Amino acid sequence: MNTGRDYSKLLTVTFNKPMPYEWSIGKWGSRFFQEIKERQRFIGIRCPKCGKVYTPPRRLCGPCFVELHELAPLSDTGVIRAFSTVNYPFLDPNTGRQRPIPYTYGYIQIDGSDSIFSHVIDEVDVSKIEVGMKVQAVFKKPEDMEGNINDIVHFTIIG
Amino acid sequence: MPRRVAIVGAGQTDHRSHRPDATGRELIHEAVTRALADCELTIKEIDAIVIGNMDHFESINYVDAWSVEGSGGVMKPIMKVTTGGTTGTSVAVAAYYHVASGMFDRVLAIGWEKNSESDTTAAIITCSDPIWDRFSYSGAIPSLATEATGYMKWSGATQEDAARVAVRDRAHAVNNPYAHLRKPITVEEVMASPMLAYPIKLLDVCPRTDGACAVVFASEGLAEKMASKPAWVKACAVRHSLTWFGDFDFNAGLMSLQRASKEAYAKAGITSPADQLDVAELYLPYSYAGLKWIEDLGFCGPGQAPKFVADGQTDMDGRIPVNPSGGVISTNCIGATALLRVAEAAIQIMGKGGARQVPDVKNALATGFGGCYWSDVVILSSQKS
């Protein structure tokens, strides 16, 4: 095949139209957002077999392959287990626009949970962030909440 | 018992950042015709095809059907396999299963990607959970960055240690006429390149490439006739573990690679990988993986990789040459990337590596990485049994 290139003659077609999707949050996931709105705290769910507490609460434990039922109320605090500050521009498939940078992406272990929760931390100076630091969730005002991940504005370092 | 299976031919495109001269189908055709020419087969002699690429990347569904003109799959059994970054090794493993089962004698494995046709990071973000993870996830780089910071903390490895991995792979790419980035770089240049997500800088990480790869698998009895030195499949091992990024155990390391390589080594009778493997084509999407993951593969002990690499043990004349092709840091057409590792490992066994050939290769290792810290491992050998 001829791999020569003459850019002036090679055309492309662009697609840039909205194409909406609708995802079910599920039974316990819905409860997670309702708990944030009503009590400004997280809830997890305990696996009856391995005892692990998952946050956000999910319906199934993958390693044990069993259904989960026992909700575990938690606080609004946690510990940074890993993080990265993102400096490069990219298209956000959630919005169709460039995501604002820089921002810090955090893996946060909510106190009382065994799994790790992904969200953002409101600190972009990497010299001021360390694994092991304590963080607290900052929520939207309950009347502004929409039942999605953005009901948590971010996590803020508290020590 | 599975039948013995060998790779008898491999083909790849001229990899570039942007190939507006060819559609995806045509890129696939370029790789397939080269693979067929390599083992002197015609498309008529191919019994079945396994093809894959990254879901969502080019917004092409039913890739198996869409690509038939290029793959040669008209009126043939075709299966699409797509597992994220591991897609290339998954199509190789599935093609191996096809032949080993006894149901097909000559099977073509194909991986391809046109990264120039979408925003790679946005496309990768769509692999994460839409309700919980997409909001904060920013593609492959920061999740790898978190692994790197964890490794640096306990091992004492530095950014310069990681830079040496990128320098090595880019130096090797100069010998590979198909590679995308063929300009050598220095540790100083890596260190001075823009910080994308601490500690990963621009030159620590793989590029976005347009390209395709095709590999022909054949059964014992036929393989010896198609290739003077067939690359026999000794072992394949697959470990796909997590789907939630928050389930990753930062203390345990890349457990999927540890477990997959352990299984593959046991099947292939390998007890000292750095001594018994003659070459390794590793899916190292960023420089730090060239430290941490060679420890997970048992090339050296925990925390020893910086010295192992700095001492030249993974160079072309080292104890176990890593990525003579230039690796993923030099070429990354994602759905083809892991298949390129298998193809390049086979090329080394078959002795067709040209300027990138390691002398007298008997055993070669190829790996795939992707999904949510998933790993595939393939071991090839010049020895049938």
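1. The model is predicted: local features need pLDDT of at least 70, side-chain atom pairs count only at pLDDT 80 or more, and totals for chains, interfaces and linings use all residues. Residues are numbered from 1 along each chain as written, chains are lettered from A and ligands numbered from 1 in the order written, and side-chain values use heavy atoms, without hydrogens and water.

2. In chain A, three strands form an open antiparallel sheet, ordered β2-β1-β5. Strands are DSSP runs of E, at least two residues; helices are runs of H or I, at least four; both are numbered from the N terminus. Pairing takes at least two DSSP bridges. The edges are β2 (53-54) and β5 (70-73) of chain A. Strand β1 (residues 43-46) of chain A pairs with β5(A) over four bridges. A:Ile45 has A:Leu71 as its bridge partner in β5(A).

3. In chain B, α4 (residues 87-100) packs on α15 (residues 334-350) at about 55 degrees, with axes 5 Å apart. Axes are lines fitted to C-alpha atoms over the stretch in contact, and angles run from 0 to 180 degrees between N-to-C directions. The pair is therefore oblique (under 35 degrees is roughly parallel, over 145 roughly antiparallel, 65 to 115 roughly perpendicular, the rest oblique). Contact (heavy atoms within 4.5 Å) involves B:Thr87 and B:Val91 of α4(B), among others, and residues of α15(B) including B:Ala338.

4. Helices α10 (residues 255-268) and α12 (residues 289-296) of chain B pack at about 45 degrees, axes 8 Å apart. So α10(B) is oblique to α12(B). B:Leu257, B:Gln258 and B:Ser261 of α10(B) meet B:Lys292, B:Trp293 and B:Asp296 of α12(B).
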